[in-house]
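Please have a look at the sequence and the model first.

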Amino acid sequence: MPKKLRLGILGGGGDSLIGVLHRVASQINDNYEIVGAVFNPDFKLNKEFAREIDVPLNRIYEDFDTFIEEEMKLPENERIQVCSVLTPNFLHFPMALKLLENGFHVICEKPMTTSLDEAKILQKAHKKAGTVFALTHTYTGYPMVRQMREMIKAGALGKIHKVDAVYYQGWINTIIHDKKKRSSVWRLDPKKAGISSCIGDIGVHAFNMVEYTTGLKVKSILSDFNYLYKDNKMDVDGTVLIRMAEHVKGVIRSSQVATGEENGLAIAIYGEKAAFRWEQENPNFLYVLSDTKPTQVYKPGHAYNSNLSLDGTKLPAGHPEGIFDSMANIYLGTAKAIRGEDYNDGEFPTMTDGVRGMNFIEGTVASHKQGNVWIALD
Ligand SMILES: NC(=O)c1ccc[n+]([C@@H]2O[C@H](COP(=O)([O-])OP(=O)(O)OC[C@H]3O[C@@H](n4cnc5c(N)ncnc54)[C@H](O)[C@@H]3O)[C@@H](O)[C@H]2O)c1
């Protein structure tokens with residue numbers, strides 16, 4: 001059997017932000033071949049882009065329904081096996097649902113859907129399909145994030161007291177103050193983005209990072225949003241207090257109007273024995289803080305790291321790897337799962353993370369709208 005999985009792509013055209021990350025990541029470990037796509041809703045642009053990146057035109061489809069119809073006519077050993085959904089948010093649910101109902105494996109961008117109800121429907125469909133579903137919370141693929149998770153699991157921090165996760169970007173500051181500009185961005189359009197901009201787009205990554213690294217569940221939240229303008233329906237800044245247990249508390253701070261910030265995702269986790277500090281913009285350094293010893297710095301590729309972390313590096317220590325590699329690790333774990341090979345828990349975010357994420361997004365919106373009250377998550 002050929003090693004490479006037949007990959008389809010929906011969205012992620014030449015005009016997109018995230019398409020290149022998925023395309024490159026899918027190639028890094030030699031596990032996938034892109035054989036079909038709807039990169040763009042405009043068929044002409046779709047074909048032009050396929051030509052540009054050398055994807056054969058015979059399986060570049062006019063739209064998603066045609067994609068499904070034509071692929072289902074092919075014998076199973078030729079049909080696309082796994083499909084990446086990289087469109088704006090509102091299309092994730094209908095596309096992922098139909099893919100699952102037709103027996104495809106799915107790699108889906110976050111936020112998984114636009115509502116918790118949709119997420120639960122998708123979860124049922126996934127259970128019925130029995131195929132693999134991966135959600136691309138990209139940052140969980142970094143070796144040092146995986147190292148934090150494994151060290152916390154092994155008790156390196158002792159009892160955790162406090163978690164502080166931040167995701168600050170500034171790009172909406174250049175858009176939000178001009179009425180015309182702000183109505184042209186899909187992330188600020190509830191019909192395309194769902195009920196939240198800042199929390200839905202980036203706060204949810206920070207939330208996932210908190211649960212992924214600590215292994216704890218956020219039980220309740222209280223949020224305060226900023227919309228900046230009365231006619232803007234979408235949060236562009238949100239601070240969320242989180243409670244994970246009676247004595248484990250924290251905060252998720254997220255903003256798209258943190259002027260000058262680029263992709264500032266960072267997490268600090270404080271425990272009775274030690275603390276971790278990690279920043280996405282310098283992903284190869286994991287700081288371990290102590291009350292009694294000098295600060296230690298863990299780096300990828302060294303034998304002292306966990307298997308989960310080492311599985312995510314390809315070159316010897318000192319050869320910096322970055323966001324393409326992080327996403328590639330998610331694609332790698334997904335490929336193992338599709339082939340029925342052994343893989344570690346934590347190699348890729350799952351349907352459960354998607355449902356949790358939607359629970360969080362809806363909870364933060366409800367908390368803000370009800371006057372900044374505590375809301376319990378499921
Ligand atoms: N994991 C991450 O870190 C990360 C980062 C950025 C974006 N994202 C997510 O990725 C998704 C896409 O974001 P983006 O910034 O790339 O958006 P974008 O607007 O830059 O690109 C969207 C792409 O989808 C295509 N598209 C739109 N409608 C389509 C349709 N009906 N059929 C096929 N293609 C269609 C567009 O032509 C475009 O190529 C969003 O859900 C976003 O939340 C995730």
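This is a predicted model: local features need pLDDT of at least 70, side-chain atom pairs count only at pLDDT 80 or more; totals for chains, interfaces and linings use all residues.

Residues are numbered from 1 along each chain as its sequence is written, and side-chain values use heavy atoms, with hydrogens and water left out.

Around the ligand there are 28 residues, of which Asp15, Asn89, Lys110, Thr138 and Trp186 come nearest; a residue is near when one of its heavy atoms lies within 4 Å of the molecule. By class, this shell holds twelve nonpolar, eleven polar and five charged residues, with Gly counted as polar and Asp, Glu, Lys and Arg as charged.

As for polar contacts, meaning pairs of N or O atoms within 3.5 Å, a polar side-chain atom of Trp186 lies 2.7 Å from a ligand oxygen atom, and one of His92 lies 2.9 Å from an oxygen atom of the ligand. On the nitrogen side, an N or O atom in the side chain of Glu109 is 3.0 Å from a nitrogen atom of the ligand.

Side chains of opposite charge can pair when their charged atoms come close. The structure holds 19 salt bridges, each a side-chain nitrogen of Lys or Arg within 4 Å of a carboxyl oxygen of Asp or Glu, and one of them joins Asp201 and Lys110 at 3.1 Å, N to O.

Conventions
A polar contact is a pair of N or O atoms within 3.5 Å; within protein, one must be able to donate a hydrogen and the other to accept it, and residues adjacent in sequence count only if both atoms are side-chain atoms.
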